[in-house]
Amino acid sequence: MVVLPSGATPGTVIDKVSFAVDAGRTTGLIGESGSGKTMSAMSIVGLLPAEAETAGRVTWRSEDLLTAAARRIRQVRGREIGVIFQDPLAALNPIQTIGRQVGEILRRGGMSRQQVRARVLELLERVGIPDPHQRIDVYPHEMSGGMRQRVMIAMALAGEPQLIIADEPTTALDVTTQARILRLLADLREQEHMAMLLVSHDLRVMAHVADDVVVMYAGRVAERGPAREVLEHPLHPYTRALANNVPAVSTKSAIAEPLQGAPANPFDRPTGCAFHPRCPMAQDRCRTEVPLLREVEPGRFSACHFSEKVEP
Amino acid sequence: MSSHVLEIRDLRVAFPGPRRSLRAARTIVQAVAGVDLDIRARETLALVGESGSGKSTVARCVLGLVRPQEGTITYEGRALGPIDKRPAELQRAIQMVFQDPGSSLNPRMTVSAIIREAWKVHPAVAPKGDRRKALAEVLADVGLDAGVAGRRPSALSGGQRQRVSIARALALRPRLLVCDEAVSALDVSVQSQILRLLVDLQRTHDLSILFITHDLAVVRQIADRVAVMKTGELVECTTAEQLFTAPAHPYTQGLLSAAHDLEGTNVGFEYTREQIS
Amino acid sequence: MTIRTRRSLAAAAGAVALLIGAAACSSDDPASETGGSEAAGGDLTVAGPIPIENLDPHGAASLDAGTQLAARAIFSQLVVSNGPGEFEGELAESWEPNADASVWTFTLREGVEFSDGTPVASADVVASFDRVLAGEGPLAGNFGGYTAAAPDESTVVFTSPTPDAAFLGKVSSFFVTPQAAANEGFFQDPIGSGPFVVESFEPGATLQLAPNPGYWDGEPALDSLEFQSIPEVAARMTALQTGEVDVTWAMPDDQIAQLRSDSNITVENVASPAVFTMWMNSSTPALQDSAVRQALWQAVDFESIIGSLYPETGTPADSPISPAVLGYAPQEPVEYDPEAAKAALDAAGFDYENTVIRWQFSQANFRNFVDAVVSDLAEIGVTVEPMEKEQAVFLEDLLALNWDMNLQQLGTQGFDAATNLGRLYTCAANRMGYCNEELDQILAEAGSTSDTAQREDLYAQASEIIWNDAVGMYPMFVEQPYAWRTSVEGFQPVPDGVPYFDEVTVSGD
Amino acid sequence: MTYFIVKRLAIGLLTIWGVVTAVFIVVRLAPGDQATVALGPDASAAEIEALRHTLGLDRPLLVQYFSYLGDVVRLDFGESYRFGRPAMDQVIERFPATVELTLAATVIAIIAGLILGVLAGKKPGSVLDRAVSTFALGLQALPPFWVGIMFILIFALQLQVLPSAGGGSLANLVLPAVTLSIPFTALVARMTRSGVAETMSEAFVQTARSKGLTETQVLTGHVVKNSLIPVVTVVGLQVGTLLGGAVIIETVFAWPGLGSLLVSAVGNRDYAVVQAATVLIALCVIVLNLAADIVNAKLDPRIRLEARR
Amino acid sequence: MTQSDILLTEAPGPAAPPVRRRRRRPLAAIPYVIIGVYVLAAAIGPFLIDYDPVATEVTERLLPPGSATGSGTAWLGTDAVGRDVLAQVVYGARTSFIIGIAVVTVCCLIGVALGAIAGYSGGLPDAVVSRTIDILMAFPGILLAIVIAGLLERGMHVVIIALSVGGWVGFARLSRSITMSTRERDWVDAARIMGVSKPATLKRHIVPFLAGSVVALATIELASAVLSEAALSFLGLGLPPHIVSWGQAIAGGREHLSTAWWITVFPGIALTILVICIGLVGDRLTRRFTRKRD
């Protein structure tokens with residue numbers, strides 16, 4: 001649980017979010033803007049705004065990171081859990097060469113200058129940056145968006161983490177670049193035997209990269225389960241609406257029946273089920289009673305009172 | 001042809017780049033390099049391309065915000081100059097919906113003031129009678145409650161803001177609506193609302209729409225014809241059906257192959273889930 | 001990165017420490033220097049109130065206190081004045097006016113040399129005088145129409161178109177330089193026949209001098225002499241108290257008491273030729289009537305103002321010129337009597353309502369005095385608007401008579417009433433809108449006699465007219481205060497604020 | 001780069017011409033002139049008129065202007081009547097003292113200001129931030145001349161650890177430099193604070209944290225340098241103000257610099273010196289602003305050196 | 001089932017954590033209160049304290065605080081001509097406010113107008129304004145003030161003019177740069193597309209966005225104007241003697257610092273506290289504004 005003071009009224013932005021990222025798998029965290037997906041992901045490595053209060057547990061290999069010492073969390077960051085941020089232009093220090101930034105964690109780890117450089121070159125090559133010898137001394141603004149995101153990935157890989165958190169890694173990129181970066185991430189996860197927590201609002205990305213997905217709405221988990229099953233046969237009306245709203249390229253589809261209203265604001269969540277004002281299936285019960293996340297089918301969890309009645 | 005609302009001929013736009021040295025001439029960035037486009041009455045023409053392809057610059061030329069280096073843009077046979085040189089009725093005829101609903105509305109003005117400003121500038125289209133009622137009607141047209149009139153943009157959701165933005169454009173009774181990535185910044189669940197609204201308004205208001213986007217799936221949903229741009233040039237311009245079923249240009253093919261569906265059919269995405277996991 | 005930053009921080013801290021450390025070390029220096037010099041004359045540091053900007057005693061800055069101070073150390077005059085009507089020969093051994101005081105013949109002292117060893121010849125004197133005339137400085141105004149000639153090596157003859165009895169007084173501000181003074185850059189490193197020679201000169205800041213071993217009156221005892229400029233009073237007083245400076249003068253009265261309490265400091269005041277002079281513009285309709293001017297004078301309680309503001313350096317004046325000046329004659333003091341003043345103004349039909357007396361002055365240190373006078377005049381219903389003006393504006397307005405009342409601390413050059421009364425109060429000068437033909441005649445006569453007694457008598461008559469007609473108010477004679485550290489010996493305060501240092505020595509502090 | 005510098009210097013020349021012209025107009029318009037001041041209160045109107053004629057001050061203003069401009073183009077700034085030597089010589093002689101003073105003040109201000117600013121900015125809104133910010137405001141609120149005199153009374157008169165006035169040694173420099181640096185320190189501290197506070201909210205700071213850096217490492221490695229650009233700009237821009245402040249400090253501490261020279265030259269209507277001094281100061285301002293821009297370009301590779309829009 | 005690397009678990013625990021209200025800071029009001037007191041003192045103080053700046057009493061000069069004088073008790077002592085320091089502080093507040101507010105108003109109007117026009121139009125107007133700014137920035141402001149003080153007769157308006165001549169530059173630079181960035185915002189384009197005229201666009205869609213920063217800068221300039229008046233007085237170029245101001249008092253008392261400290265210290269404290277309070281308010285405005293802009 002994350003409590004964020006916002007203006008005068010503190011809000012429980014992240015409310016009872018529970019999920020697991022399994023070793024060797026890619027877990028997708030889906031949600032619209034303000035659904036709390038990024039914050040949930042960042043709470044793992046303690047990168048929350050200073051004024052945030054937290055409760056609950058973040059278990060990293062049987063160790064609770066929420067209560068761990070700051071020193072220990074810093075050890076985890078970068079070396080055990082790597083992070084890839086959304087907008088690589090903003091997430092890279094504009095006044096340092098990319099080589100310096102990629103190698104920073106290595107340099108602080110005590111490697112010699114030559115060793116660091118060799119390793120950085122290797123990493124850059126690994127993430128598919130052509131001419132790493134030239135690019136290593138270049139500044140972020142001198143690269144294209146795709147190349148910058150590759151640098152971010154190389155930076156996250158530098159500490160040889162076992163888990164990578166990728167926050168909207170392709171949102172800021174062009175379509176063709178998106179595809180390449182997603183492929184790279186998938187490859188790397190596979191080859192480096194890492195786990196990955198992929199945060200995105202793009203269901204199409206999830207459908208192709210994630211093994212498991214967690215759907216969030218207004219700071220709560222709406223549904224989770226294996227990716228393909230969740231997206232093809234949603235057990236939550238919100239997931240269903242999302243899936244229906246994704247237009248297809250392969251066929252000319254009519255514009256889906258849109259959901260009414262705007263996504264709920266976690267700072268000012270409706271009572272009961274946060275989704276009820278927009279939900280076509282809403283009943284009186286939904287207005288008062290918060291639905292608990294429950295196992296509706298084996299391995300499939302949904303937080304809807306009427307999960308069983310959701311039609312695909 | 002009289003059915004063409006807008007004709008763009010050999011449009012060229014260049015921006016001066018930095019000067020690298022004392023002797024070197026200024027570098028020039030050719031943003032649009034000779035584009036011809038027509039928009040017919042009541043059709044939706046999608047202009048597609050990746051960032052930097054020059055599609056937004058074309059739109060800004062149409063709107064008169066950018067002065068082209070060469071080429072002509074005519075609206076129903078009348079040449080269009082820079083925005084402040086256009087006669088009032090041409091100023092009205094072409095309106096725009098921006099990408100970011102947060103920044104296209106002046107945050108210090110109320111919804112009512114935003115729409116009334118349009119009428120103030122163009123008394124010709126201002127309602128004759130009760131303005132309050134007229135305002136409520138314009139808002140109702142875009143699916144907004146009259147209650148939002150007194151609010152400022154910051155008190156509205158993204159979808160509502162985009163509706164206000166559309167209402168502001170409609171208040172001037174335009175013939176051509178330029179939508180520059182009008183739904184890209186919206187949440188998925190809101191995107192469909194706006195798309196549907198645009199399609200409905202096009203029908204009820206006899207609008208032509210120039211729809212600029214990078215999202216091919218959206219294009220497929222709403223476009224009649226599609227023009228694909230790459231580095232300032234038009235690579236392909238054809239009907240939507242033709243483009244999606246039989247793309248002629250390799251670049252278009254590449255774009256389509258990079259796009260992917262939820263189900264993973266049609267695909268350009270080379271990986272299936274099995275391969276990855 | 002961390003390391004680098006720490007290092008640079010440390011370096012910075014080091015630099016600061018260095019600054020402070022260095023500061024601490026060298027702050028002892030002045031003391032150790034003065035302490036270190038034993039038997040010899042020592043090193044003297046002098047801080048005058050006015051910076052020395054220019055060493056050229058002939059040019060635009062010739063009458064600057066700073067330039068005069070430097071010139072007295074570096075160059076020699078023909079004569080120096082020692083008080084009203086008393087002159088002593090310096091380069092001149094003797095001098096003689098003709099009957100109507102229009103031709104002055106000087107015989108030069110034998111064997112005087114410039115510091116580069118060349119003898120001081122009559123040609124140098126003539127060349128210097130010609131430089132003054134050509135220089136268009138304030139000094140030149142004293143010698144309009146004069147010519148100088150050198151009939152032989154040791155004789156110089158000055159000829160004036162009109163009789164000029166005050167010539168000696170005027171010429172005492174005239175310094176003799178070698179003919180080379182006309183060369184460009186001469187005054188950066190000038191050569192003179194004075195007691196000191198220039199070591200280094202930073203215009204406006206410091207002038208470093210060394211004794212001139214060939215000085216005709218004997219080499220000064222000091223090892224070195226330094227003139228500094230410290231305009232800010234608090235800093236100057238502090239410097240004197242800490243010993244950074246040995247001699248200073250022209251302190252405000254409020255500082256003098258504090259200096260007196262310091263046992264290491266000697267304070268002494270000497271009568272100066274300066275008088276607080278408050279001309280009233282007789283051409284202003286409201287002030288045309290001498291009765292009005294007298295009444296205004298009566299209305300101010302100068303005695304208590306002076307007693308409070310200038311307890312050290314001020315004495316109520318009884319003449320338009322100071323007792324230190326030739327031609328001084330005491331007059332009947334004007335008694336403070338506001339009722340009588342009010343009655344006189346009423347009788348003269350003074351328009352209290354619509355008259356605003358614009359009172360101009362240019363020096364900030366007059367402010368308190370002005371405020372107090374304005375306050376007293378306001379008591380009887382007279383409105384005075386004090387106008388503090390920038391020096392240049394003040395001067396321009398002064399000549400243009402663009403004022404109703406004016407305040408200056410007026411000195412008398414050469415200690416001779418001729419340069420004050422004789423120059424300023426004539427109808428032709430029109431300096432205060434006052435014109436009195438009787439006064440004109442007396443002044444003209446006084447200027448053309450060489451007989452001192454007769455001149456004193458004539459100036460006494462002039463003073464009486466000026467006083468009784470209340471051409472201005474003359475509230476206060478100004479004394480010049482000097483302060484020096486007790487380690488300084490042989491320092492002689494002089495009335496005009498431009499002291500000599502050739503007989504000074506400094507003992508261990 | 002070369003193009004940039006050449007273009008900026010060209011603009012600089014234009015600026016200097018503007019300054020020369022403005023100073024000319026303003027100084028000549030001011031009442032009272034060289035002749036009145038030179039001859040003093042005892043001079044008669046006729047004498048003043050005569051001198052005015054000799055100096056050419058009675059010529060039409062436009063004629064004087066063009067003749068002066070012609071001289072300036074030949075780098076001849078005329079002769080100071082007060083100092084009896086070429087005005088520029090006099091100005092240049094005073095220049096090192098002013099440079100020394102302003103440089104020392106700048107160094108103090110940058111060091112102290114940066115430390116204060118970083119302390120405050122690293123945790124915006126914290127107690128430390130509030131304390132430092134208020135302290136900086138307090139520094140800015142002190143009238144420099146008052147501080148200067150107090151320093152003299154405390155350090156020179158009471159404690160007797162530092163000399164009160166004059167130039168020359170390092171010891172003499174301490175009090176004036178510290179006094180002059182006070183408002184500047186406050187400014188640098190405030191700029192640094194807001195720069196650091198802003199940078200702390202940048203995404204790349206999160207990136208740095210995600211690499212496991214400590215807050216100090218984040219601060220020194222990724223925040224401070226990135227926050228410096230507005231500070232460097234301000235340092236460049238403040239030179240003029242600093243020189244203005246130097247006028248007062250130089251007067252208080254009898255520091256033989258350009259500021260006091262300029263004030264007395266204006267008072268004495270020593271046109272040549274006023275003009276020479278302003279040109280030199282303008283030149284400094286221009287060069288230092290240029291230098292600040294170049295430093296910024298070195299600090300931040302994104303900044304392309306283009307002549308200002 | 002594979003082993004979980006990360007497990008986010010939510011203990012059912014207290015659903016609503018202790019609500020931490022945003023702490024109300026009573027301290028935050030202090031600057032406003034103090035400024036209020038000053039304004040009050042400046043506005044009504046002169047009616048309560050009978051003080052005539054022309055009247056002096058030289059026999060009661062330099063009396064320490066608390067001394068009895070002919071007209072009562074000088075709580076803060078008397079100055080070099082026997083005037084009451086407390087009265088000077090109160091009357092000086094009025095002068096300082098008038099000068100500060102006048103300077104800031106003049107600078108603000110000129111600076112914002114020129115800056116906004118230059119920033120919005122670009123081209124020649126921008127070049128002219130920018131070069132003028134360059135020239136003024138390369139020109140020691142004190143020189144301008146000196147010349148203006150000499151050119152015109154002493155008076156409050158002269159001080160205001162002298163301080164305004166260079167003071168608008170800051171506002172112009174700020175307005176210009178904000179205008180240039182605001183000009184790029186979509187709502188400005190939207191207005192242009194609608195055909196809104198240039199002046200109306202400036203007025204409605206740009207200038208309102210300058211307000212925040214300009215007000216923040218205005219507070220800084222207000223403080224610096226109050227200080228600059230004191231500096232001008234120090235150089236003897238300030239107000240005429242019969243206008244009471246803190247600057248005058250501080251500058252006038254400098255010769256008495258070691259003996260009659262109260263002449264400078266009380267007006268100095270008044271000045272310093274005011275400047276700090278204005279600065280605190282300005283800081284807060286700046287912070288609020290910069291937060292809003294994002």
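Q: Which residue is the bridge partner of B:Ala227 in S10(B)?

A: B:Cys237 is the bridge partner of B:Ala227 in S10(B). Strand labels like that come from DSSP runs, numbered from the N terminus: strands (E) have at least two residues, helices (H or I) at least four. This is a predicted model, where local features need pLDDT of at least 70 and side-chain atom pairs count only at pLDDT 80 or more, while totals for chains, interfaces and linings use all residues. Residues are numbered from 1 along each chain as its sequence is written, chains are lettered from A and ligands numbered from 1 in the order in which they are written, and side-chain values use heavy atoms, with hydrogens and water left out.

Q: OK, and how do S9(B) and S10(B) pair, in the parallel or antiparallel sense?

A: Antiparallel, over six bridges; S10 covers residues 233–239 of chain B. Two strands count as paired if DSSP finds at least two bridges between them. S9(B) and S10(B) make a hairpin with two residues between them, and B:Thr231 in the turn has a positive phi of about 40°.

Q: What's on the other partner list for S9(B), say with strand S3?

A: Strand S3 (residues 44–48) of chain B pairs with S9(B) in the parallel sense over four bridges. B:Val48 has B:Val228 as its bridge partner there.

Q: Is S9 of chain B mostly covered or open?

A: Covered: five of the six residues in S9 (residues 225–230) are buried. Buried is under 20% relative accessible area, exposed is over 50% and partly exposed is in between, with a 1.4 Å probe and protein chains only.

Q: What order do the strands take in the open sheet of chain B?

A: S2-S1-S4-S5, four strands with antiparallel pairing. The edges are S2 (28–40) and S5 (78–79), each pairing on one side only. S1 (residues 4–16) and S2(B) pair over 10 bridges, with B:Ile8 opposite B:Leu37.

Q: How many helices and strands does chain B have?

A: Chain B has 10 helices and 10 strands. Of its 277 residues, 56% are buried.

Q: Switching to helix H3 of chain B: which of its residues are buried?

A: H3 (residues 111–121) has these buried: B:Val111, B:Ser112, B:Ile114, B:Ile115, B:Glu117, B:Ala118 and B:Trp119.

Q: And what covers the buried residues of H3(B)?

A: The cover includes H4 (131–141) and H5 (158–170) of chain B, together with H6 (186–194) and H7 (198–234) of chain E. Contact here means heavy atoms within 4.5 Å.

Q: What does UniProt list for chain E as "transmembrane region"?

A: The unreviewed entry lists residues 29–49, 97–120, 132–152, 158–175, 206–239 and 259–282. UniProt positions are given in the numbering used here, feature names are shortened, and annotations may be inferred rather than shown by experiment.

Q: How much helix is there over residues 206–239 and 259–282 of chain E?

A: Residues 206–239 are 85% helix and 0% strand, with end C-alpha atoms 38 Å apart. Residues 259–282 come out at 88% helix and 0% strand, with the end C-alpha atoms 36 Å apart.

Q: Which residues have the most contacts inside the largest nonpolar core?

A: D:Val91 and E:Trp246, in a core of 181 residues. A nonpolar core is a set of buried Ala, Val, Leu, Ile, Met, Phe, Trp, Tyr and Cys residues joined through side-chain atoms within 4.5 Å. A second, separate core has 98 residues, including A:Leu29 and A:Met216.

Q: What does E:Trp246 touch?

A: Among its contacts are E:Tyr38, E:Val89, E:Val226, E:Pro267 and E:Leu274, leaving out residues up to four places away in sequence.

Q: How many aromatic pairs over all chains?

A: 42. Rings of Phe, Tyr and Trp (its six-membered ring) pair if their centres lie within 6.5 Å; planes under 30 degrees apart are stacked, over 60 edge-to-face, and the rest tilted. C:Tyr146 and C:Phe167 are stacked, 5.1 Å centre to centre with 25° between the planes. Both are buried.

Q: What about C:Phe276 and C:Tyr310, stacked or edge-to-face?

A: Edge-to-face, at 5.4 Å and 75°. C:Phe276 lies in strand S14 and C:Tyr310 in the loop between H9 and S15 of chain C, so the pair ties together parts 34 residues apart in sequence.
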